[in-house]
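This briefing is meant for a reader meeting the structure for the first time. Please look over the sequence and the model first, and then follow the points below, which are grouped by topic.

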Amino acid sequence: MDKKPGMDLANQKMVEEEDGKQEEDSRIKNKKLGGIKTMPFILANEICDRFAASGFHSNMITYLTQELNMPLVQASNTLTNFGGTASFTPLIGALIADSFAGRFWTITVGSIIYELGLVSITISAVLPSLRPPPCPTQQNCQEASTFQLWILYLSLLLTSLGTGGIRPCVVTFAADQFDMDKSSSARSRKWNFFNWYYFSMGIATLTALTVVVYVQENVGWGWGLGIPTIAMVISIIAFLIGSPRYRKMKPGGSPLIRLTQVIVAAVKKRKEIAPEDPNLYYRNKGLDAAISVHGSLVHTNQYKWFDKAAIVTESEATNINPPNLWRLATVHRVEELKTIIRMLPIWAAGILLVTSSSHQHSFTIQQARTMDCHLSHSFEVPPASLSIFGIVTMLCGLVLYERLFVPLARRFTGNPLGVTCLQRMGIGFVVNILATIVASFIEMKRKSVAANHNLLDDPKAIIPISVFWLVPQFCLHGIAEVFMSVGHLEFLYDQSPESMRSTAAALYWIAISMGNYIGTVLVSLVHKYTGESRNWLPDRNLNRGRLEYYYWLVSGIQVVNLIYYIICAWLYTYKPLEEVKEEDGEFNENKISEVELARNETP
């Protein structure tokens, strides 16, 4: 005998109630974990990791050009290419974390792989057989052999793969320890969290740029790379010790599969007529429980074609439990896809920003090596340590941003956070353009002094101009980072679906990856097509180059990119979230006071 439709609905209701009870038990258990008590372990891990990464990468251009005798452009492209790879692998790590492994184990395995890469390159720095003969004059140097280069490439590849497990997961794993998707006060705490998280990372980077770079320049590369290797071991140990205290969110299944299911379902139902009432679209909180812990996404009128995936046909209405997700998607899953589509234009604006600045650090270090680095008669500032001025500016800027900028901006905007994350990013774009323009004028000044002292043809000569002329551009880059980097990270976390936050964080690094690769192409084309006699980016003698022309070129690229970003930000719509408020900090279905749309103000 066939079952009656009423019995199907009753069974479905019983299943949903059982799912709700399990979800409530999970919420209660999660409230006992996480919180501020987990931060010492997570931040100790990330601080040691950032210390290791900064100490390893900050002066690597010097290691390649001075120890492995690579030409400047080849060395810069090598670092940029592996930097691009290290920024692409987070997408793989994020998909693994969001799909089945979880963030905790992805971070752990990634850290171990990263450590193997550090050990490899430290061994190559210690053993003379893994490096070419020294070349103090930097003329007619014997370059590294194929075997020696493969050791280098293997080390850089391992660190790139390890980075893929660490970068997209650490900040989101730390944010998971707090309930930051609820009220406006919670969103304020979230804002505080991202600022102070970035502040802690800045402290670690500053320490690496002072201590590790000094050791590399004055003690040797064995210890200079050994210290980051030891720091990474401490990082892993600290993270594992805190394991029993962490709130570990369960993976919600592959986000790519869910997005694909929505697209396929919409295609299959492309001829169906959408209902005028959006409440008639398919919803199933039990099915979406694992991917909507902090609330379901609300139906929006954008990209309405995808709504067809949530149309319930007559045949599905009588036999809907369990649904075939390749033919029927919930409103929440449809809105996940819409949210990602809305974010992509804003995300893409970061690509050309990275392209314009991808090689500036390498070129600036080479500029500094031709300048007077004396701070006093007996102490010289290592060229790679000049980045500390950008880091110190960024650290001071984060404090001033919270204490001065936000209260001042709040008076004009009425926004509790001062400005939206999109407005914050836009300010960062503008400041970064100013930093590049300043860099071009400083290079013109450096070469003018070299010409006055007849030093243009001596690549090893120290030009009588203080290296501290380079400080303003570092400070401007630090200010830009306060606005752009933190705002971008906050935007991706805040606007992404909660089950895709590792993947969204990976988008941050994917933008860096694509920007680095495009930057390599740009530098290679400039080097190839600007001639041999007056090449903009010469291999050995930067004094005879036209580096200021390159800076003007990338300034123009950034201006075009800024115009594109302003248009995208103006048209952007923030995601709407159906948020369940809880009384007395405890979840109770009978104590739901209201459902609110957590909408931010548009820029």
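## Briefing on the predicted model

The model is a predicted one.

**Salt bridges**

- Side chains of opposite charge can pair when their charged atoms come close. In this model the count comes to 7 salt bridges.
- One of them joins the side chains of Lys338 and Asp307, with a distance of 2.8 Å from N to O. Lys338 lies in helix α11 (residues 331–357), whereas Asp307 lies in the loop between β1 (296–297) and α10 (314–318), so the pair ties together parts that are 31 residues apart in sequence.
- Both partners of that pair are covered: Lys338 is buried with a relative accessible area of 0%, and Asp307 is buried with a relative accessible area of 2%.
- Lys338 also meets the side chain of Glu335 in a salt bridge, at 3.1 Å from N to O. Lys338 and Glu335 are 3 residues apart in helix α11, so about one helical turn separates them. Glu335, like Lys338, is buried.
- Taken together, Asp307, Glu335 and Lys338 are linked in a network of salt bridges.
- A further salt bridge is formed by Glu490 with Arg424, whose closest N and O atoms are 3.9 Å apart. This pair links distant parts of the chain, with Glu490 in helix α15 (residues 471–495) and Arg424 in helix α14, 66 residues apart.
- Glu490 is buried, with a relative accessible area of 5%, and Arg424 counts as buried at 1% relative accessibility.

**Two bent helices**

- Which residue marks the bend in α13? The helix bends by about 50° at Tyr401.
- Helix α13 (residues 387–413) has 27 residues, but its end C-alpha atoms are only 34 Å apart, short of the 39 Å that a straight helix would reach at 1.5 Å a residue.
- Just after α13, Gly414 takes a positive phi of about 75°.
- Helix α6 (residues 146–176) has 31 residues, which should span 45 Å at 1.5 Å a residue, and its end C-alpha atoms are 45 Å apart, in agreement with that value.
- Much of α6 is covered, as 22 of its 31 residues are buried.

**Cysteines**

- How many disulfides does the structure hold? The structure holds 0 disulfides.
- For Cys475, the closest cysteine sulfur is that of Cys396, and because the distance between the two sulfurs is 9.4 Å, they are too far apart for a bond.
- Cys475 counts as partly exposed, at 23% relative accessibility, whereas Cys373 is buried, with a relative accessible area of 7%.

**Features of the loops**

- Most residues other than glycine have a negative phi, and most peptide bonds are trans.
- Tyr303 has a positive phi of about 50° although it is not a glycine. Tyr303 is found in the loop between β1 and α10, and counts as partly exposed at 35% relative accessibility.
- Asn454, again not a glycine, has a positive phi of about 55°. Asn454 is found in the loop between α14 and β3 (463–466), and counts as exposed at 70% relative accessibility.
- Pro133 is found in the loop between α5 (103–126) and α6, where, at 42% relative accessibility, Pro133 counts as partly exposed.
- Although Pro133 and Asn69 are 64 residues apart along the chain, their C-alpha atoms are separated by 8.8 Å.

Note on methods: Residues are numbered from 1 along each chain as its sequence is written. This is a predicted model: local features need pLDDT of at least 70, side-chain atom pairs count only at pLDDT 80 or more; totals for chains, interfaces and linings use all residues. Side-chain values use heavy atoms; hydrogens and water are left out. Helices (H or I, at least four residues) and strands (E, at least two) are DSSP runs, numbered from the N terminus. The expected span of a helix is 1.5 Å times one less than its number of residues. The bend at a residue is the angle between axes fitted to the seven residues ending there and the seven starting there. A disulfide is a pair of cysteine sulfur atoms within 2.5 Å. Buried means under 20% relative accessible area, exposed over 50%, partly exposed in between (1.4 Å probe, protein chains only). A salt bridge is a side-chain nitrogen of Lys or Arg within 4 Å of a carboxyl oxygen of Asp or Glu.
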